[in-house]
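Visitor: I'm new to this structure and would like to learn how to read it. Could you walk me through its features, beginning with the ligand?

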Amino acid sequence: MRIDVFSIFPEYLAPLKLSLIGKAMDAGILSVAVHDLREFTHDRHRTVDDTPYGGGAGMVMKPEPWAEALESVFAESTSTDARPVLLVPSPAGEVFTQAMARELATAQHLVVACGRYEGIDHRVSEWSAEHADVRFVSIGDYVLNGGEVAAMVMIEAIARLIPGTIGNPESLTEESHEDGLLEYPVYTKPASWRGHDVPEILLSGNHGAIARWRRDRRLERTRAVRPEMLEALPAEALDKKDRAF
Ligand SMILES: N#Cc1c(-c2ccc3ccn(Cc4cccnc4)c3c2)n[nH]c1N
């Protein structure tokens, strides 16, 4: 997978080179390029914003720098490849979910447009739709100052699902949101710590009982913290014992 990110603060995306994403890049599983939008301006002040038509507070990002920036990478998605996916972080976007991360992890080329100010001139997304599949995406119901943090969140959630990125693919199963339930609590050595003991069952070696205990904890946690997730599960996903929670 190739990911191109555009921002007026490219240094914001520097942490992507760390940890698993960095390893995936080194292994050639993933390429992530971060571009400075101001490289696509031509005036002395490298202007990327202007006042909003219709009035109102704040500034809006000009369309031309974005169009020149995006077409510089759209063109590299050769005609034989699938169309690139343009992700536009926005408070008005569809909420980003694990299901969306799984879907986007199958894309060949992701382009992320990190806006600032009051957003990007809407015509940029209209123009982009001729060249890419455009998705406005929000990472949650709160307001940020720009799209960079959202880009980091989405890239990490997507990249970790690309085969070969996570060392042990098994660690992707039974994660929160992966199968509709929250994950079970985890423990490690020492077995007794500051008066708090690891649940006996986890020391028993009885893998069937441990699996049941973990399932029960996932149901209990989901019921307590995110009951709506349980309601959304298909009937066949819960057996009779599960319904006791
Ligand atoms: N994803 C996501 C987001 C954003 C977000 C994303 C991109 C931009 C570009 C500018 N702003 C500031 C801004 C503030 C208010 C109105 N319009 C724009 C952004 C906020 N806020 N909250 C999220 N979950």
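Visitor: How far is a nitrogen atom of the ligand from a polar backbone atom of V137?

Guide: In general, a polar contact is a pair of N or O atoms within 3.5 Å; within protein, one must be able to donate a hydrogen and the other to accept it, and residues adjacent in sequence count only if both atoms are side-chain atoms. Here, a ligand nitrogen lies 3.3 Å from a polar backbone atom of V137. For S90, a polar backbone atom is 3.4 Å from a nitrogen of the ligand. The protein covers 87% of the 500 Å² of accessible area that the ligand has on its own, with areas taken by the Shrake-Rupley method and a 1.4 Å probe, where for residues only the protein chains shown count as cover.

Visitor: Before we go on, what kind of model is this?

Guide: It is a predicted model, so local features need pLDDT of at least 70 and side-chain atom pairs count only at pLDDT 80 or more, while totals for chains, interfaces and linings use all residues. Residues are numbered from 1 along each chain as its sequence is written, and side-chain values use heavy atoms, with hydrogens and water left out.

Visitor: How many residues surround the ligand?

Guide: A residue is near a molecule if one of its heavy atoms lies within 4 Å of it. There are 18 such residues around the ligand, and the closest are P89, S138, G140, Y142 and L144.

Visitor: Which strands each supply at least two residues of that shell?

Guide: Strands are DSSP runs (E, at least two residues) and helices are too (H or I, at least four), numbered from the N terminus. The protein has 7 helices and 9 strands. Of these, β5 (85-95) and β7 (133-138) each supply at least two shell residues, and β5 gives the most, with 3 residues.

Visitor: What does the shell look like by class?

Guide: Ala, Val, Leu, Ile, Met, Phe, Trp, Tyr, Cys and Pro count as nonpolar, Asp, Glu, Lys and Arg as charged, and the others, Gly among them, as polar. The shell around the ligand has 9 nonpolar, 7 polar and 2 charged residues.

Visitor: Is T41 buried or exposed?

Guide: Buried means under 20% relative accessible area, exposed over 50%, and partly exposed in between (1.4 Å probe, protein chains only). T41 is buried because its relative accessible area is 10%. This residue is found in the loop between β2 (31-36) and β3 (49-50), and a polar atom of the T41 side chain lies 2.7 Å from the backbone oxygen of R38. Over the whole protein, buried residues make up 40% of the 245 residues.

Visitor: Which residues does the cis peptide bond join?

Guide: Omega is the angle to read here. The cis bond joins K189 and P190, with omega about 5°. P190 sits in the loop between α5 (148-159) and β8 (192-193), and P190 counts as partly exposed because its relative accessibility is 44%.

Visitor: Where is Y117, and what is its phi?

Guide: Y117 lies in the loop between β6 (109-113) and α4 (123-128). Its phi is near 55°, a positive value in a residue other than glycine. R194 also has a positive phi, about 50°, although R194 is not a glycine; it is found in the loop between β8 and β9 (196-197). At 74% relative accessibility R194 counts as exposed, while Y117, at 35%, counts as partly exposed.
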